[in-house]
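Thanks, everyone. Please bring the model up on your screens, and I'll walk you through it.

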Amino acid sequence: MPVIAPMPAARPTRLSSPREGAEEGVAAGTTVDHLTETYRAHYRSLLGLAALLLDDTASCEDVVQEAFIRVHSARNRVRDPEKTLAYLRQTVVNLSRSALRRRILGLKLLSKPMPDMASAEEGAYDQLERDALIKAMRGLQRRQREVLVLRYFADMTEAQVAETLGISLGSVKAYGSRGIAALRVVMEAQG
C-alpha cells in the first residue's frame, strides 16, 4: 500500500464576501489602469513589431488591437504586471502568424483563371448570340436545320450527314448552303 504524506496544517481561513474575492482576483492580475498605461506607452512599438511581420498597415493595426483585447480579457491570468508587455508582444506575433496563414490559405484556394478565359461580359454576349442563333435555327426548314446541326454542331462530314439523313451528297450541300444563307439574313436583321 502506498504511503501518503499528511497534508501540512492549513492556516485558518476567513470567509470573504463575493465582492472581496472579485477584488482579489483583479488585484492578482494586470489591472485595467496598468493595461491602459501599457497601451499608451507601447502601442507604437507593438505596431512596428506587427509591421515587420505583416505587409499592410490595416492588418497591423487590427492585430495590435486584437492583442490588447485578448490580453485585457485574460488580464487575471497575467500574474506579474511587469510581464504584460511580454504577453502583448507574444500575442502580436501569434496573431500575425495566424493572419499570414489565413492569407496564404486564401491565395491557395483562389481559382486562377485561365489566360485565355473570356470575361463575364464576353460570356454574356456569347450567350446572347447563342440564344439568337437557336431562335433563328428554329425558323429554318426541317431539312436545312438537320443538315446544319449534323454538319456544324455534331461535326460530321457531308458524306456522314448524307448517310445519316438518307439523302444524296448534293442535297446535303444544297440544304446546307440555303440554311446558312437564311441564318445570315435573320442574324443580320437582329443585330
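Start at glutamate 37, which counts as partly exposed because its relative accessibility is 45%. Our terms here: buried is under 20% relative accessible area, exposed is over 50%, and partly exposed is in between, with a 1.4 Å probe and protein chains only. Keep in mind that this is a predicted model, where local features need pLDDT of at least 70, side-chain atom pairs count only at pLDDT 80 or more, and totals for chains, interfaces and linings use all residues. Residues are numbered from 1 along each chain as its sequence is written, and side-chain values use heavy atoms, with hydrogens and water left out.

What does glutamate 37 pair with? Its salt-bridge partner is arginine 40, with the closest N and O atoms 3.0 Å apart. By salt bridge I mean a side-chain nitrogen of Lys or Arg within 4 Å of a carboxyl oxygen of Asp or Glu. Helices here are DSSP runs of H or I, at least four residues, numbered from the N terminus. Arginine 40 is exposed, at 61% relative accessible area.

How many salt bridges does the structure hold? It holds 5. Another one joins glutamate 66 and arginine 70, 2.9 Å from N to O. Both lie in helix α3, 4 residues apart, about one turn of the helix. Glutamate 66 is partly exposed at 30%, and arginine 70 is partly exposed at 45%.

Now aspartate 56 and arginine 103. Their closest N and O atoms are 3.3 Å apart, in a salt bridge. This pair links distant parts of the chain: aspartate 56 is in the loop between α2 and α3, arginine 103 is in helix α4, and 47 residues separate them. Aspartate 56 is partly exposed, at 28% relative accessibility. Arginine 103 is also partly exposed, at 28%. Elsewhere, Arg142, Arg143 and Glu146 form a network of salt bridges.

On to α4. This helix has 26 residues and spans 37 Å from first C-alpha to last, close to the 38 Å expected at 1.5 Å a residue. That expectation is 1.5 Å times one less than the number of residues. Its buried residues include Leu85, Leu88, Val92 and Ala99. Among the elements covering the buried residues are α2 (32–53) and α3 (57–73).

Take threonine 91 in α4. Threonine 91 counts as buried because its relative accessibility is 16%. Beyond its neighbours within four places in sequence, threonine 91 contacts Ala67, Arg70 and Val71. Contact means heavy atoms within 4.5 Å.

Next, the interior. A nonpolar core is a set of buried Ala, Val, Leu, Ile, Met, Phe, Trp, Tyr and Cys residues joined through side-chain atoms within 4.5 Å. The largest has 17 residues, and those touching the most other members are Leu46, Ala50, Val63, Val64, Phe68, Leu88 and Val92. Two or more residues each come from α2, α3 and α4. Which element gives the largest share? The answer is α3, with 6 residues. A second, separate core has 7 residues, including Val147, Val161, Leu165 and Ile167.

Last stop, aspartate 155. Its phi is near 60 degrees, a positive value in a residue other than glycine. Aspartate 155 sits in the loop between α6 and α7 (158–165). Aspartate 155 is exposed, at 65% relative accessible area.
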